[in-house]
Structure formats: C-alpha cells, structure tokens
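Here is a short report for a reader meeting this structure for the first time. Please look over the sequence and the model, then read on.

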Amino acid sequence: MRMSDSARQGIFARLIDDHRQITAMMEQIEATAYDDAFDRESLFDELKKELLVHAHAEDTVVYRTLELYRSTAHLIRVSREEHALVEHLIDQLSALHDDDERWMARFQVLQDLLEHHIDEEEGDLFDLAADIVDRSQSEDLVDEFEDARRREHARQAGGGERRPQRDDRSLRDYDGREPGH
Ligand SMILES: [Fe+2]
C-alpha cells in the first residue's frame, strides 16, 4: 500500500472502516457456498443495506467534494459508474432465488467488482484526495458522512428500501419462469 499518512486519517480512515466491514460481510456470504450453517439470505440482506447506505453517503459527502477538482474528477466519474453497476448487480441478485446455482456466480462478479472498486479508492483516489482535503476538512467530512449515513438508514427503515426493478433485463433473468419457481 502506498497510501500517504494523510490518506489514512479523518474521512479516509472512516471510509476504510466501512470498506473492511463490507469485505468481511462478502467473505461470510462466499463461505455459504461451502457451509450451509450460514443463512445466505439474511447475510445478503445485511450486505445490501450496508452497501447502499455506504455508497449513498460516500457519494453525497465525498464524491461531491472531489468531483470539483481536476485531479480527481475523472476518477469520481469512474467510481460513480462502478456504484451504479454495484446497485444493478444487487438488483439482479435480489431478483434471483438465493439457492439458484447462478446466484453464487453472480455474487462473485459483485465481489470482484467491489474489491477492484475499493482498491482503486483506497489507492489512487485517496492519494490524490489527500492533497485536496486538509486535516480539519477531513475531520468535518467524517461528521457529514455520519449524518448522511443516519439519513440513509432512516430512509431505508421508512420503507424507502430499493426493490428489484422489474425492467426488461431483470425479467429476462427469470428465463420465462415466474419469480419463486
Ligand atoms: Fe465507493
């Protein structure tokens, strides 16, 4: 890891904590391929909630700051594309029965994408961002990030949780079968 010291403090350290938690949750789900003692559905529900809360708070607080700078603007566009793909894959996983043999294959694609996304953020993006965000701004962003997380949790608890979109692409996943068959 070639992360500079300032890229490990404040908001960056806070995001890394979330990333570690998400990685650990994905590893638990991966283990359900070999060990039925885990309840794949409830683990995935937890991951889904955590991922959406994290991604929305990160976008609202961190991406919105970094998109204004020439050095990070392109990486932020890439990161937003990846967040959109993550949400799409979550919808696609939710639309499939978790005992369907395609579920774990699709989950591995999500896991690979997230590992790549997290590496890119913690590497190139945080290094560049550390030159933009000074220590006191970085601490302020932690408070804003926690507020954004709380709002997103409340939004989900209030029934604002995303439902799988029954668009053409998700419908094709059923291969003509009704959901649940
Ligand atoms: Fe991200």
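Which residues are buried in H1? They are Gly 10, Ile 11, Phe 12, Arg 14, Leu 15, Met 26 and Ile 29. The model behind this answer is predicted.

## Overall make-up

The protein has six helices and zero strands. Along the sequence the pattern reads α-α-α-α-α-α.

There are 181 residues in the protein, and 22% of them are buried.

## Helix H1

H1 covers residues 10–31. The helix has 22 residues. From first C-alpha to last, H1 reaches 32 Å, close to the 32 Å expected at 1.5 Å a residue.

Ala 13 also sits in helix H1. Is Ala 13 buried or partly exposed? Ala 13 counts as partly exposed, because it has 13 C-beta neighbours inside 10 Å, and a buried residue needs 20 or more. Ala 13 lies 125 residues along the chain from Ser 138. Their C-alpha atoms are separated by 9.7 Å.

## H1 against H2

A pair of packed helices is described by the angle between the axes and the distance between them. Helix H2 spans residues 40–66. H1 and H2 pack at an angle of about 160°, and their axes are 10 Å apart. The two helices are therefore roughly antiparallel to each other, since the angle is over 145 degrees. Their crossing is left-handed.

On the H1 side, the contact is made by Ile 11, Leu 15, Asp 18, Gln 21, Ile 22, Met 25, Met 26, Gln 28 and Ile 29. On the H2 side, the residues are Arg 40, Leu 43, Phe 44, Glu 46, Leu 47, Glu 50, Leu 51, His 54, Glu 58 and Val 62. By class, the contact of H1 with H2 has 11 nonpolar, three polar and five charged residues. Ile 11, Leu 15, Met 26 and Ile 29 take part in this contact, and these four residues are buried in H1.

## H1 against H4

Helix H4 runs over residues 101–130. The axes of H1 and H4 come within 11 Å and cross at roughly 160°. That makes H1 roughly antiparallel to H4. H1 passes H4 in a left-handed crossing.

Which residues of H1 meet H4? They are Phe 12, Ile 16, His 19, Ile 22, Thr 23, Met 26, Ile 29 and Glu 30. In H4 they meet Phe 107, Gln 111, Leu 114, Ile 118, Glu 122 and Phe 126. By class, the contact of H1 with H4 has nine nonpolar, three polar and two charged residues.

Helix H3 takes in residues 70–94. It has 25 residues and reaches 37 Å from its first C-alpha to its last, close to the 36 Å expected at 1.5 Å a residue. The buried residues of H3 are Thr 72, Ile 76, Ser 79, Gln 92 and Leu 93.

How do H2 and H3 lie, and what is the angle at which they cross? Their axes come within 11 Å and cross at roughly 160°. That makes H2 roughly antiparallel to H3. The crossing is left-handed.

From H2, the contact uses Phe 44, Lys 48, Leu 51, Ala 55, Asp 59, Tyr 63 and Leu 66. From H3, it uses Thr 72, Ile 76, Ser 79, Arg 80, His 83, Val 86, Ile 90 and Leu 93. By class, the contact of H2 with H3 has nine nonpolar, three polar and three charged residues.

Leu 52 is found in helix H2. Leu 52 counts as buried because it has 20 C-beta neighbours inside 10 Å. Arg 149 is 97 residues from Leu 52 in sequence and 9.6 Å away in space, C-alpha to C-alpha.

Gln 156 belongs to helix H5, residues 135–160. Gln 156 and Leu 52 are 104 residues apart in sequence and 9.3 Å apart in space, C-alpha to C-alpha. With 16 other C-beta atoms within 10 Å, Gln 156 is partly exposed.

Note on methods
Residues numbered from 1 in each chain as written. Predicted model: local features only at pLDDT ≥ 70, side-chain atom pairs only at ≥ 80, totals over all residues. Axes fitted to C-alpha atoms, helices over the stretch in contact; angles between N-to-C directions. Parallel < 35°, antiparallel > 145°, perpendicular 65-115°, else oblique. Left-handed = near helix turned anticlockwise from the far one by under 90°. Contact = placed C-beta atoms within 7 Å. Nonpolar A, V, L, I, M, F, W, Y, C, P; charged D, E, K, R; others polar. Buried ≥ 20, exposed ≤ 12 C-beta atoms within 10 Å, placed from the backbone. Expected span 1.5 Å × (residues − 1).
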